[in-house]
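Let's take a walk through this protein and its ligand. Have the sequence and the structure open side by side as you read.

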Amino acid sequence: MEAKTIYLDNNATTRVAPEVFEAMKPFFCERYGNPSSIHRFGGSVAADIENARVAVAELIGANYRNKDGFATEIIFTSCGTESDNTALKCAVCAKSDRKKIITSAVEHPGINHYLDELSRHGYEIVKIGVDGQGRIKMDEFCAALDDNTAVVSMMYANNETGTIFPVAELCRLAHEAGAYFHTDAVQAAGKIAIDVDRDQFDFLSISGHKLHAPKGVGVLFARRGIPFTPLILGGHQEKMRRGGTENVASIIGLGEACKMAKAALPQEVKYLAGLRDAFETKLQSTIPSIRINGDPEHRLPNTASVSFEDIEGESILMLLDQFGICASSGSACTTGSLEPSHVMRAMNIPYNAAHGTIRFSLSKYNTAEELDFTAEKLVPIIARLREMSPYWKQK
Ligand code: PLP
């Protein structure tokens, strides 16, 4: 008999909420018109898209509405990566006299690889380091910031450790230097409160599938007044800022997911932090030589990054998988050599710990029983792997 799945990999992707799925259903076989059509059958769908746009805006505190009541600072994209790429493209085009971009050493590839491309076009890319808890080094940041900086792009919260950056402060400093500020909020949206107007961000990225909406839909918040350069050129959709017929059902789903996230946010933060803290405490009291990664004061409530010293994360994952437990590791198994992730390396986590790092990322659908079960199973798994580990035996 197959084991029941215990899904603790919610920073990778989330289950579509049943309510979200229900809201999407009519847009496949009944209301399938093209929102750009003149006829009412298609055109009526456009109103639903605008309602979804308002729901996204309300989740992130984007208060501007145009004369029709539309939240025009919200642009629907295909994913978080597209939103990240678009934000960077817009920002550098809007400040074409400046040739420096500042980011952190722990960003997602959606930022890093676009910046690699910009560096091939002559941009200076400065990656600010982090400390052992994944906190941005503010002195390095302030030293790098100057009047040649076009944009500062710093993630809201890290996908591996959950560490939350002081984005409001970073944005304020970027603006003082005349630079734009973008934040990749893919891991933060729906998990912690975001207020783009209070914090005055210029650009912010969201991905639907991280907050119980489907894959294949994302959002870019782009503050009005900043000249916009689209990444995808085509039709007049999204007010000429993103060509391509809208992914209507997924946009409706994302709107519903944002409404749900906003309504439940304080309770969910409390629930998830409670589950996560109890899980970490249990591990600390039953398994020796582990470390909890990330900033204990400023961390996503759903993320536990745990390093089990002297063993390999991949082996832990495979043994957990036998019990139906899904988590992920902090290594990138690309070339056959298990290199710790760039996040672990930037944090200077010792090799023997970085290799054995597992990310458990929770959602509202997880229960205390599931986490107790996982903690219990980890005890013999770690003991067994350490028995086989030459590094552990040397200790
Ligand atoms: N940014 C961060 C911090 C992420 O964690 C992810 C996905 O893991 C992305 C961007 C990319 O989002 P998407 O999968 O929607 O392209």
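What follows goes from the ligand to one helix and then to a few single residues.

## Around the ligand

Keep in mind that this is a predicted model. The ligand has 13 residues around it, and T81, D184, Q187, S207 and K210 are the ones that come nearest. By type, the shell splits into 3 nonpolar, 7 polar and 3 charged residues.

D184 has a side-chain N or O atom 2.6 Å from a nitrogen atom of the ligand. On the oxygen side, S207 places a polar side-chain atom 2.6 Å from a ligand oxygen, and K210 has a polar side-chain atom 2.5 Å from an oxygen atom of the ligand. On its own the ligand would expose 390 Å², and the protein buries 88% of that.

## Helix α7 and its buried face

Now turn to helix α7, which covers residues 167-176. Which of its residues are buried? They are V167, L170, C171, L173 and A174. Look down the axis of α7 and these buried residues fall within an arc of 165°, so they line one face of the helix.

Just past the end of α7, G178 takes a positive phi of about 80°.

## E238 and helix α9

Next stop is helix α9 (residues 237-240), where E238 sits. Is E238 buried or exposed? It counts as buried because its relative accessible area is 6%, and the cut-off for buried is under 20%. The side chain of E238 makes a polar contact of 2.7 Å with the side chain of R53. Setting aside neighbours within four places in sequence, E238 is in contact with R53, I74, I75, F76 and E246.

The backbone deserves a look too. E238 has a positive phi of about 50°, although it isn't a glycine. K239, also in helix α9, has a positive phi of about 55° and isn't a glycine either.

## G253 in helix α10

G253 belongs to helix α10 (residues 248-286). This glycine is buried, with a relative accessible area of 0%. Not counting residues up to four places away in sequence, G253 touches V20, M24 and A213.

## I311 in a loop

Last up is I311, in the loop between β10 (303-308) and α11 (313-321). Beyond residues up to four places away in sequence, I311 touches I316, N352, H355, G356, I382, L385, R386 and S389. As for Y7, that residue is 304 residues from I311 in sequence and 22 Å from it in space, C-alpha to C-alpha.

Key. Residues numbered from 1 in each chain as written. Predicted model: local features only at pLDDT ≥ 70, side-chain atom pairs only at ≥ 80, totals over all residues. Heavy atoms only, no water. Buried < 20%, exposed > 50% of the residue type's maximum accessible area, 1.4 Å probe, protein only. Helix = DSSP H or I, 4+ residues; strand = E, 2+ residues; numbered from the N terminus. Arc of directions from axis to C-beta. Near = heavy atom within 4 Å. Polar contact = N/O pair within 3.5 Å; in protein donor to acceptor, adjacent residues only side chain to side chain. Areas by Shrake-Rupley, 256 points an atom, 1.4 Å probe, with all protein chains shown as cover. Nonpolar A, V, L, I, M, F, W, Y, C, P; charged D, E, K, R; others polar. Contact = heavy atoms within 4.5 Å.
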